[in-house]
Amino acid sequence: MGSVIEINPLTRVEGHGNVKVYLEGTRVERVELCLTESPRLFEALLVGKSFAEVPEIVCRICSLCSTIHKVTALLAVEKALGVEVSPVTGLTRELIVSGGLIQSHSLHLYCLILPDLLELGGVAELALEAPELLKRGLAVKRVGNLIQETVGGRLIHPVNIALGGLGRRVGRDALLGLRDELEAILPDCREAFRIFAAKPPLPQLPVPYCLALDPAAPPLSGELFRLTDGRSFPVQGYREAIAESVLAHSHAKHAQVLGEIPTVGALARLNLGAPLGETAAGIFDTVKDQIVGRDMRGNSVAQAVELCQAAERSLTLIDRLLELGSGAAGNVALAPRGGRGSAACEAPRGTLIHSYSFDRDGICTQADVITPTSLNQGAMSRDLLALARGMEGAQSTLLASALERLIRCYDPCISCSVHLVRL
Amino acid sequence: MTRPRLAIAGLTACSGCQLTLLNCEQELPEIARSFELVYFPMAQSGAPPEAVFDAALVEGAVSTPGDLATLFRLRHASRLLIAFGTCALFGGVAAMNNATARREDLMRTVYAEAQGGFDSFPPAPFRNFVSVDFSITGCPPEKTDLIALLAALKAGTLPPTPCYPVCTECRSRENLCLLLERNELCLGPIIQGGCNARCPATGIVCEGCRGPVREANVAQELELLLERGFGRKEIERRMSRFRPEWDYGQRH
C-alpha cells in the first residue's frame, strides 16, 4: 500500500519548504522537494521602475544574500548604462562581498549545521549545551556583519554601495577598526575546518556537475562560466545555456545547464579551482579528499575553507584600500540610456545572475534573476531521491532527519529561489 | 523565573527580520537563556505542533492562503502578536504595485501559463486580518528596537514607540540635508525615525523603509518635491516602495 512521509516545514534553512517521500510498501517511488515560499514577483515589480531604483528594490529578494544581490544588480545596471567604477569603489564592493560571505558561511556552519554535528535541535540548545563553541562562531559571524555594516551603512540591505560609486568612502579609522576585528577572529577562521570536516553520516551521493564563474577572472568582473567537464559559456549568453522549467509542486524553477543538472556553491567553486591564499590553500590541501570529485556531503568543509579565505582576503582588501589614501571615491555619474546588461557573481551559496533591460529613459522593461538555490534545485531533488532509495526500509524518523541534513548541506536560500526568470 | 515562550516566523518576506535576531551575535546567548525559542523554524528544529506562546514575532506580508493560515494559527496560539518589520506592518516591497497592477498580470509575467497552480493575492499587512498587539518597523528593523522589545517582554510589558520623523535624528547628527541642499528625493520628513538617520548619514536619501511617522504632513512633502522639479509619477513610485497606500492630501 502507498504511504507518504512528509517533512514540513523544513527547519534550519532560510525560507519555507517541505519534502514528501512517496512509498509503495518500503519501496521509494519518488521524492518531491517543494519550495513553498510565497511568490514574490520581483521580476514583475521591477518593470516600470527607474534604473536607479532597481538595485535598492531587488536586494530585498533575500536578507541573507542582500549584499551580493545588490552588488550583482549594480554591476548589471552599470553594464547596461556603459559605466565603469573607480578602483576604490571596486575594492570596497569586494570587501563588503567578502564580509557577506563570512556572515553567510558562519551563520550556516555555526548556527544551522553545528546542531546536527552535536545532535541538538538548534541555536537555543547550542546556547545551553555548547556555549563556548557557539560564542566563537557568533564572534566570526559578527565580524562579517561588522564589515557589511561599516561598508554598507546598514547591515541588511546595504545602502552605501550605490550605482557609479559610494555614498561615502569608508574612512581610515573604520578600516583600521575592521582590521583589528578581523585579526581577532583569524585563529577561529583557520581552525573552523576541523569542526566541519566531520562528514554527515549519509550514504554516498551522486557526484555533482559543478558550475561557477571562471576562477581566473578578476573579482566581480567574471564574464565566463566554467563547468566540471571543461566546457564554458559567456555570462552574456546565459539565457541560451540555462534552460528552466516550472514544476507543478514547487514555486522555484528547475534549471539545466547545457543539458546537465548543475551544482553551485563552495564545493563547486573549489572543484573548479577557486584561487586561495596561502593559509586557505594549506587547509584545502588537508581536506581536499572530501571536496575534489566528491558529493555535497563535503560542502560544509568547503565553506570552512572559504571562510578562512574570505577573512584573509578581507585583510588584503583593507590594506589595499588604506594604500589608496583618503581622497574622493571617484563616483561616476549615470545617465539613462536604452540597453541590456547581465552580470554574474559568486554569492555565498553559488552562482547568481542578474539581467536587466532599459528603455532610453532608463525605465526597466525586463528583469531576470537566477539564484544559486534555483540552480541547485535539480541536484537537490536528485540527491534526495538517491538518499531515500539508499535508505529504503529505514525508520521514517531516521529517513526524515537524513533528508533534512542533506538539504542543509546545500545551504538553500528559499526566498531567493522563488524569484524566477521569465520563460 | 519563567522564560517567556516565543514563536519567530515569517510569511511573504526576505527573512531579514528573523535574521536581525540572529544578527544580535553578542546578545543571542543571553536571549536563548532568557526565552524559550519554542517555534523558530529558521534556526530551530523539533517544534511541538500544538505549542502556545507568550509572544509571536512574525515578519512578512500576507499574500497566500498558506500565509493566512499561519497568521491565524499564530494569532490563536499566542498571547501577543507582534508585526515584525515593514512588510507585516504595511505590506512592504511585495505590495509596492498593489495600486498599479493586477496580481494575475504580475504572476503571469514571472510564471507564464504555469501560474494557474499557485494561489496568491495582493500582499497585505497583518491588521487587515487579525488584531496586532505591537509592531516593530523597518526594512530591515533596527537591532536596538528588537532588543528593546525582548527586554520589555521579559519584564512583562511593551516598549514605548517613538514618533518623530527621520529628519529629527538626521538634523541632530548634523548631516547635510539631501532634500534641501542637494535637491534629492529624500522622504525623511514623513518617515518614522528611530534609525538614527542611517542612510542620509552615508549620503544616501531616506527611501522610506520605516513607513509613515504619525501625523505625517504628506501633502506638504508632495508640494515640496513637485516644486523642486520631481514628477508626480516618480514621487508616487518612490513613496509606494514600502507602502502602497498613501493619502497624498493628508495635512497636519
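Predicted model: local features only at pLDDT ≥ 70, side-chain atom pairs only at ≥ 80, totals over all residues.
Colleague: Which sense does the pairing of β4(B) with strand β3 (residues 53-59) of chain B have?

Modeller: Those two strands run in the parallel sense, with 5 bridges between them. If you want a spot to look at, find B:Ala56, which sits opposite B:Leu81 in β4(B). To get from β3(B) to β4(B), the chain passes through helix α3 (residues 65-77) of chain B, and this β-α-β crossover is right-handed.

Colleague: And how many bridges link β4(B) to strand β5 (residues 134-136) of chain B?

Modeller: There are 3 bridges, again with parallel pairing. Here, B:Ile82 has B:Phe134 in β5(B) as its bridge partner.

Colleague: Now helices. What describes two packed helices?

Modeller: You use the angle between their axes and the distance between the axes. Take helix α6 (residues 131-152) and helix α7 (residues 172-196) of chain A: their axes come within 10 Å and cross at roughly 155 degrees. Angles over 145 degrees count as roughly antiparallel, so that is how α6(A) and α7(A) lie to each other.

Colleague: What is the handedness of the crossing of α6(A) and α7(A), and which residues make the contact?

Modeller: That crossing is left-handed. Residues making the contact include A:Val143 and A:Leu146 from α6(A), and A:Leu182 and A:Ile185 from α7(A).

Methods: Residues numbered from 1 in each chain as written. Chains lettered and ligands numbered in written order. Pairing = 2+ DSSP bridges. Helix = DSSP H or I, 4+ residues; strand = E, 2+ residues; numbered from the N terminus. Right-handed = clockwise from strand over helix to strand, strands pointing away. Axes fitted to C-alpha atoms, helices over the stretch in contact; angles between N-to-C directions. Parallel < 35°, antiparallel > 145°, perpendicular 65-115°, else oblique. Left-handed = near helix turned anticlockwise from the far one by under 90°. Contact = placed C-beta atoms within 7 Å.
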